[in-house]
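Welcome, and please bring the sequence and the 3D view up side by side.

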Amino acid sequence: MNSDFLNSLDALDNATTSRREALRRASKLGGAAALAVTPLYAMARETMAAKSNLSAAYAPQAHEVLNYALTLEYLEYFFYKRGTETAGLIPPADLPLFESIRDNELAHVNLLRTTIEGLTDPPGDPDIYEEDDFTYVVNGADVFADYQLFLTLSQGLEDTGVRAYKGQAGAIQETPYLTVALQIHSVEARHAAAVRRVRGSQGWIPLAQPDAPGPIAPVYGPGGPFPSEANTTQGGVELVAALGGAYTAEQITEAFDEALDMETVLAIAGPFITGTPD
Amino acid sequence: MSDLIRSHTEAQPDSRASRRSFLKIAGIGGAVLVAAGCDSNTPDPITPGDFTSLMGTVTVAADADPGQTPVAGVTVNATSTDAGIQGTRTTMTDANGMYTFENLPVGTYTVSVATSNFVTEDVTENVTVGVGSPSTVNFSLTPGGDITLDFSNDFGVLNYAYALEQLEAAFYAAVVADPMFTSTFNADEQAILTDIAAHEGIHRDFLQAAIVGAGGTFAARTLLPGLTPDFDGKPTATPPVPAVDFASRTSVLATALTFEDLGVGAYNGAAKFISTTGNGPTYLLIAGKIVSVEARHASVIAGLITDNAVAGEEVINADGLDRALAPSAVLTAAAAYLENGVSAINA
C-alpha cells in the first residue's frame, strides 16, 4: 500500500488493516478455532462510519469489499490452477469442469483487480497475491494428492464464496458494484452445485450439511449476524409452520442459501492464505 | 356475464323503448358523442334532451378478497352504439372505488372496467330516464388478466420475483405430475426435479406471504394475482416458442434451463431497484438467498443436459459474469409461457 494513499484516507486504512489482521490471526489459529477471532472488522466499521465524510466519491467499504472479494477469488483461482496442473489428480471426465471453473475464477480476479485499479477518488489499491501465497493443506494433507480431498475443499471454497458475496450485498447496495457482485455470486453458486454433484451430493445445501467433512463443516455454520444454513426463518417468519407443513425443514433450508460475515469467512479462508499481498 | 349481472345492486327494468330517437349533446369529460338523425320507426316517449346518471362501485371479488376492498383509480367506460348516442364516455373510480357518469343521454350502454392485474369485465346496462332514479352498475373484479409490475417501489420487485416463481413452480409441478415422469427420468433426475419443484413452491409461497405481510393487496395492485401458465407454446412469437412436451426429457430439461437461467438473470438485474431504506436491505438479502439457489438449479440442470456444463450457452460471459437482465427482457421471455400479458413500468 503506498503511503500517499494511506495519508489520504486513514479510515480506509483502518478497515484494510483490520481485514489483513483478521487474516493473519486466522491463519495462525487455523480451522474451527479461528471462528473465535475478535470482531475487529465490526470495530473498523464504526471507525469508518465516524469518518465517512472523508470519502465523498465512494463508500470506503466498497474498496474494502472489492479487495475482500479479490482475495477470495485469488484463493479459488490458484486452487484450481494447481489442481488442473497436477497430473493424475482430476479424472479426464471431470477435467473440463474444473478448467472452466478455473477460467471463471481468473476472469473474476482480473475483473475485480481492474475495477479496484480504476477507483480514483481515492485511488484504488488491489491486494495482489501470487500463487505461493496460498497453501492448500487440510488436516495436514496436501489436497492435490487426493482427489476426494480436493473435491471436499472445492465444495467448501465455493459454498463459502456464495455465502461471502451474499454477506456483503448490504454493504455495497448503494454502489455501482452491487450488480456485478451478484453476477459473480451466482456463478460461484453454479460452481458450488456442479462440484457438489461431482462429489455425489445434491447441488443444494440441506440443513447445515450434517454430512459435511470436518474441515469444511464451519462453512455451513452461523457467522456474525447470519444464521447457519439450517435456518428456516425468512423475513421474520418461520416457514415450516407458516407454509402449513407443506414442505419439510430440509426442503426449506435447501431453498434459501444463507449469508456469512467477513470475519467468519476470513477465519475459514485464512488458514490457506500463508503469504501477504503486494 | 351472468356473474356480473348478479352483481348489480339495482337491476333496471328493460328500457329498450326508451332509446332516444334523436340526441345531440356536447362531449363531456373528453368523450366523443356523435349526433344522429331521427328514427321514425321507433316511437319514443322520451323527449329529446333527457339525461340520467350512472354510477357504481368497483371492488375486489369476495372470493379473492373477503373484505371486497374498493379498487381506486380504475378506468370505467360507458359505451353506446345507440343511433342517437354512439360514443364512449370515460371516468375513473375515486379512493372509495366509486364512479359516476353524470348527464348521460338515456339509452343502452355497455359499461366496462379495465385495469391491469384484473380480469376485464363489462356489462350491458339499459339506462332509463328518470330524475332521481340513476342506474347503478357495480363491479366485483377478479384478480388476473394482464399484469403490470411497477418498479417505483419494492412491491414491484417482490411481485416480479413472485411472478417468476409462480411460473417456475407451475412448470415443475407439471413435470413431476406427468404420468410419464418415472419413465422419462432416471431416479437421480427424478430426485433432482422433485427437489426443485419443492424449492420453487417454497419461493412462490414465501414471496406471496412476504408481500401480504408487507401490506400488498390486490386492490392496490401491490399483490400479483395467481398467474395462468401456458406451456402450449407460442408458434407465432419471435422466435417461435415450442410447446413443452412433459413426456420428453429433452424438452423438459431445455425448458427448465431456460427458466433457471432466466430467473438468475432476473434477480441479478432487479437488485438495483430495491430500495436502500426501510425493508429494502432485508429484501436484497432475501433475493440473494434465493438467487443462488436458482443458480444451483441452473447448474445442475445444465449438467444433466451437457456433461460439465454449469449454465446455458453464452450465459456466462468472458468476465466470468452471469447475466443481469432488464425486467422488460425477462418479462418478454416469460410471457411466452403465460396467458397473462406482463409488462413493467418504472424499470
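Is Ser292(B) buried or exposed? Ser292(B) is buried, with 33 other C-beta atoms within 10 Å. Here a residue is called buried if 20 or more other C-beta atoms lie within 10 Å of its own, exposed if 12 or fewer, and partly exposed in between, with C-beta atoms placed from the backbone.

Before going on, a word on what you are looking at. This is a predicted model, in which local features need a pLDDT of at least 70, side-chain atom pairs count only at pLDDT 80 or more, and totals for chains, interfaces and linings use all residues. Residues are numbered from 1 along each chain as its sequence is written, while chains are lettered from A and ligands numbered from 1 in the order in which they are written.

Back to our starting point. Ser292(B) lies in helix H6 of chain B; helices (H or I, at least four residues) and strands (E, at least two) are DSSP runs, numbered from the N terminus. The C-alpha atom of Ser292(B) is separated by 9.9 Å from that of Asn268(B), and the two residues are 24 residues apart along the chain. Leaving out residues up to four places away in sequence, Ser292(B) touches Val162(A), Lys166(A), His185(A), Ser186(A), Ala189(A) and Asp257(A). Two residues count as in contact if their C-beta atoms, placed from the backbone, lie within 7 Å.

Those neighbours lead us to the meeting of the two chains. The contact takes 42 residues from chain B and 47 residues from chain A. On the side of chain B that touches chain A, helix H4 (187–213), helix H5 (249–270) and helix H6 (280–305) of chain B each supply at least two residues. The largest share of that side, 17 residues, comes from H6(B). By class, the side of chain B that touches chain A has 23 nonpolar, twelve polar and seven charged residues. For this tally Ala, Val, Leu, Ile, Met, Phe, Trp, Tyr, Cys and Pro are nonpolar, Asp, Glu, Lys and Arg are charged, and the others, Gly among them, are polar. The predictor gives the complex an ipTM of 0.84 and a pTM of 0.84.

Now step into chain A. Chain A has ten helices and four strands, and from the N terminus on its elements run α-α-α-α-α-β-β-α-α-β-β-α-α-α. Of its 278 residues, 51% are buried. Among the contacts in chain A with a separation of 6 or more, 71% are between residues 24 or more positions apart.

Helix H5 (residues 95–117) of chain A has 23 residues and reaches 33 Å from its first C-alpha to its last, close to the 33 Å expected at 1.5 Å a residue; the expected span is 1.5 Å times one less than the number of residues. Buried residues in H5(A) include Leu97(A), Phe98(A), Arg102(A) and His108(A). Helix H7 (residues 178–198) of chain A has 21 residues and reaches 31 Å, close to the 30 Å expected. In H7(A), 19 of the 21 residues are buried, so this helix is largely enclosed by the rest of the structure. H7(A) is followed by Gly200(A), whose phi is positive, near 85°.

Next, look at the nonpolar core, a set of buried Ala, Val, Leu, Ile, Met, Phe, Trp, Tyr and Cys residues joined through C-beta atoms within 7 Å. The largest one has 165 residues, and those with the most contacts inside it are Leu75(A), Ala181(A), Leu167(B) and Ala287(B). Leaving aside neighbours within four places in sequence, Ala181(A) is in contact with Ala69(A), Tyr165(A), Gln168(A), Ala169(A) and Ile172(A).

Finally, turn to chain B, whose secondary structure comes to seven helices and eleven strands. Buried residues make up 48% of its 347 residues. Seven of the ten residues of strand E2 (residues 51–60) of chain B are buried, so E2(B) is largely enclosed by the rest of the structure. Strands pair if DSSP finds at least two bridges between them. Six bridges join E2(B) to strand E5 (residues 98–105) of chain B, and these two run antiparallel; in E5(B), Phe101(B) is the bridge partner of Leu54(B). E2(B) also runs parallel to strand E9 (residues 139–141) of chain B, joined by three bridges.

One caution remains. Chain B averages a pLDDT of 86, where pLDDT is the predictor's confidence in each residue, from 0 to 100. Over residues 1–48 of chain B, however, pLDDT stays under 50. Where pLDDT is low, the predicted coordinates should not be read in detail.
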